[in-house]
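Okay, everyone, thanks for coming. Let me put the model up on the screen and then we'll walk through it together.

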Amino acid sequence: MDASPGARRWPAYAVAVLFLAYAVGKAAFALDSRLGFPGGPVVPAAEHERYARDVMGVATAQWSAAASGLAGACLALATVTAPGRRLPRLPMLLALAGMLLAVGAGAAIMVVDGFVGLGVGWQWYHGILGLVMIGLLVAMTRSYVVATRRVTG
């Protein structure tokens, strides 16, 4: 247990597990050179072809996404482990803010599409997952801030 009141470890562990699941899902799709994510909306063949032609190779994109999932899991664990807590606070806070913005934006898209239907076909349960992810990221970041704040006295 953290000595700081308000600091919690479980949100970071939950975020790490979700990022690892994301990485495994992206790796599975990379092996088949498929766009999308297991359990997500089906990507039409035309979109797959357009992406491969105009953006980058699908397998490369999916392997890159898998790597970003692993990096996200490592960053989440760094907020609650002794080696991670020894890292400089400002760069960690900047990395957490970047994670919150990037992942939060993706989660917000899932929420809006899942509940309103203005996107690629995320369902209501994807919207709930997006809300959970945003809440966990905020809780993890808040916990890191509380646990690493400087006590003056």
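Which residue's side chain meets that of Arg-53 in a salt bridge? It's Asp-54, with N to O at 3.1 Å. Keep in mind as we go that this is a predicted model.

So, salt bridges to begin with. Search the whole structure and you find two. Arg-53 and Asp-54 make one of them. On the Arg-53 side, we have an exposed residue, at 60% relative accessible area. Asp-54 comes in at 47%, so that one counts as partly exposed. The other pair is Glu-47 with Arg-50, where the closest N and O atoms are 2.8 Å apart. These two sit in helix H2, and because they are three residues apart there, about one helical turn separates them. Glu-47 is partly exposed at 31% relative accessible area, and for Arg-50 the value is 31%, again partly exposed.

Okay, moving inside. The largest nonpolar core has 17 residues, and the ones touching the most other members are Val-15, Phe-19, Met-99, Leu-137 and Met-140. Which elements give two or more residues to this core? That would be helix H1, running 10-31, helix H3 at 58-78, and then H5 and H6. H6 has the largest share, with five residues. If you want the general background, nonpolar side chains tend to be buried together in soluble globular proteins.

Let me zoom in on Phe-19. Leave aside the neighbours within four places in sequence, and Phe-19 is in contact with Gly-69, Gly-72, Ala-73, Met-99, Val-103 and Met-133. Gly-69, Gly-72 and Ala-73 also turn up among the buried residues of H3, so that's where I'd like to go next.

H3 has 21 residues. From first C-alpha to last it reaches 30 Å, close to the 30 Å you'd expect at 1.5 Å a residue. The buried list for this helix also includes Val-58, Gln-62, Leu-75 and several alanines, among them Ala-61, Ala-65 and Ala-66. And what covers those buried residues? The cover includes H1, helix H2 (45-54), helix H4 (82-85), H5 and H6.

Now over to H6, and to a glycine, Gly-130, which is found in that helix. Is Gly-130 buried or exposed? Buried, with a relative accessible area of 1%. Not counting residues up to four places away in sequence, Gly-130 touches Ala-107, Met-110 and Val-111. Take Val-111: it's 19 residues away along the chain, and the two C-alpha atoms are separated by 5.6 Å.

Last stop, the surface. There's a nonpolar patch of about 990 Å² here. Its members are Val-112, Phe-115, Val-116, Leu-118, Trp-124, Tyr-125, Ile-128, Leu-129, Leu-131 and Val-132. Helix H5, at 89-115, and helix H6, at 124-148, each supply at least two of the patch residues. Which helix gives the largest share? H6, with six residues. As for Val-112, its place is in helix H5, and at 40% relative accessibility it counts as partly exposed.

One thing to take away: H6 has the largest share of the core, and also the largest share of the nonpolar surface patch. That's it from me, so over to you.

Methods. Residues numbered from 1 in each chain as written. Predicted model: local features only at pLDDT ≥ 70, side-chain atom pairs only at ≥ 80, totals over all residues. Heavy atoms only, no water. Patch = residues over 30% accessible without salt bridge, like charges linked within 9 Å, V, L, I, M, F, W, Y side chains within 5 Å. Areas by Shrake-Rupley, 256 points an atom, 1.4 Å probe, with all protein chains shown as cover. Salt bridge = Lys/Arg side-chain N within 4 Å of Asp/Glu carboxyl O. Helix = DSSP H or I, 4+ residues; strand = E, 2+ residues; numbered from the N terminus. Buried < 20%, exposed > 50% of the residue type's maximum accessible area, 1.4 Å probe, protein only. Core = buried A, V, L, I, M, F, W, Y, C linked by side-chain atoms within 4.5 Å. Contact = heavy atoms within 4.5 Å. Expected span 1.5 Å × (residues − 1).
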